Amino acid sequence: MSRIKKTRKFAAVKRVIGQRDARLKKNQNKGEIEAKRKSQGGEVIREIPQVSSSLFFQYNTALIPPYNVLIDTNFLSHTVQNKLELLSTMMDCLYAKCIPIITSCVMAELEKLGQKYRIALRIARDERWERLQCSHKGVYADDCLVDRVQKHKIYIVATNDRDLKRRIRKIPGVPIMSVAKGKYVIERLPDAPEK
C-alpha cells in the first residue's frame, strides 16, 4: 500500500507582530512625541543658502578678463614637470590676460615640502604674481582655496588635485584649470574656446 502524502497548511503559520506595529508600547510613545512636535511647531523652517547675484544659472557673469587665477601647490609642481611657462601658457589657454594669485597657505605648503619642490617655490616667489594674505589659522591650502572661492566667485582655480576638483565642482560658477597632455585645460568656463 502506498502512503498518503500530507500537504502543508499554509495559513497555519503563526503571525508575528512587526517592529513598526502601532500596538507596541515603544511605537505608541514615538507617535505621541511626534504629535506634540507637530502641534508645537506649525511651520518647518528651512534654510536656503544665499546665491551669488553674479550667477545666471551655472553661468558666472563676474568672470571677465583679466581673469584672477588662484594657483594650488600641485598645479605649480605639474607645471614644472611639464616644463611649461606659467603666464604665457595660461594666456594661451584662456585667450585673455590672466593674473596668477598665490595665497600665503600655498606658499607655506610649498616651503614645507622641501627640496623636491624648490623650483616650484622659486616660481611661486616671482614678483609678477599677486599675493593674498590668509587671515585664518592653519596652512591647509585646499580648505583655504575652497573657502575663498565660496565667498567670492571671481576666481578660476588652477589645480590638479582630484579631491580639490571634486570639492570645487560642487560650487556653481567656478571654473577649474589643470595641466593635461603638456598644456593647460579649462573646464566649466562658458566662454572658453573649444580645442
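Predicted model: local features only at pLDDT ≥ 70, side-chain atom pairs only at ≥ 80, totals over all residues.

A salt bridge here is a side-chain nitrogen of Lys or Arg within 4 Å of a carboxyl oxygen of Asp or Glu. By that rule, a search of the whole structure gives eight salt bridges.

**Confidence**

- The chain has a mean pLDDT of 86, and 90% of its residues reach 70 or more.
- Among the elements of the chain, the highest mean pLDDT, 96, belongs to β6, and the lowest, 78, to strand β1 (residues 55-56).

**Strand β7 and its neighbours**

- Strand β7 covers residues 176-180, and four of its five residues are buried, so this strand is largely enclosed by the rest of the structure.
- On one side of the pairing, strand β6 (residues 155-158) runs parallel to β7 and is joined to β7 by two bridges.
- Within that pair, Ile 176 of β7 has Val 157 standing opposite.
- Two of the facing positions are Val 179, whose bridge partner in β8 is Tyr 184, and Ser 178, which stands opposite Val 185 in β8.
- The hairpin of β7 and β8 has two residues between the strands, and Lys 181 in this hairpin takes a positive phi near 55°.

**The two faces of strand β8**

- In a regular strand the side chains alternate between the two faces of the sheet.
- The covered face of β8 holds Tyr 184 and Ile 186.
- The uncovered face of β8 holds Lys 183, Val 185 and Glu 187.
- Tyr 184, on the covered face, has a relative accessible area of 3% and is therefore buried, the limit being under 20%.
- Glu 187, on the uncovered face, counts as partly exposed at 24% relative accessibility.

**The aromatic pair**

- How many aromatic pairs does a search of the whole structure find? The search finds one.
- The pair is made by Phe 75 and Tyr 184, with ring centres 4.8 Å apart; their planes stand at 45°, so the pair counts as tilted.
- Phe 75 belongs to helix α2 (residues 73-81) and Tyr 184 to strand β8, so the contact ties together parts that lie 109 residues apart in sequence.
- Phe 75 is buried, at a relative accessible area of 0%.

**Helix α3**

- Helix α3 spans residues 86-94, and its buried residues include Leu 86, Thr 89, Met 90, Cys 93 and Leu 94.
- These residues cover an arc of only 125° around the axis, which puts them on the same side of α3.
- Tyr 95 follows α3 and has a positive phi, near 55°.

**Salt bridges**

- Glu 111 and Arg 125 meet through their side chains in a salt bridge, at 3.4 Å from N to O.
- Glu 111 sits in helix α4 (residues 104-113) and Arg 125 in the loop between α5 (118-124) and β5 (130-132); the pair is 14 residues apart and links distant parts of the chain.
- Both ends are partly exposed, Glu 111 with a relative accessible area of 45% and Arg 125 with 43%.
- Another salt bridge joins Lys 151 to Asp 147, with 3.3 Å between the closest N and O atoms.
- Lys 151 and Asp 147 are four residues apart in helix α6 (residues 141-151), which means that about one helical turn separates them.
- Lys 151 counts as exposed at 58% relative accessibility, whereas Asp 147 is partly exposed at 35%.
- A further salt bridge brings together the side chains of Glu 187 and Arg 169, at 2.9 Å from N to O.
- Because Glu 187 lies in strand β8 and Arg 169 in helix α7, this pair ties together parts that are 18 residues apart in sequence.
- Arg 169 is partly exposed, with a relative accessible area of 41%.

Definitions and conventions
Residues numbered from 1 in each chain as written. Heavy atoms only, no water. Buried < 20%, exposed > 50% of the residue type's maximum accessible area, 1.4 Å probe, protein only. Pairing = 2+ DSSP bridges. Phe/Tyr/Trp six-rings, centres within 6.5 Å; stacked < 30°, edge-to-face > 60°. Arc of directions from axis to C-beta. pLDDT = per-residue confidence, 0-100.
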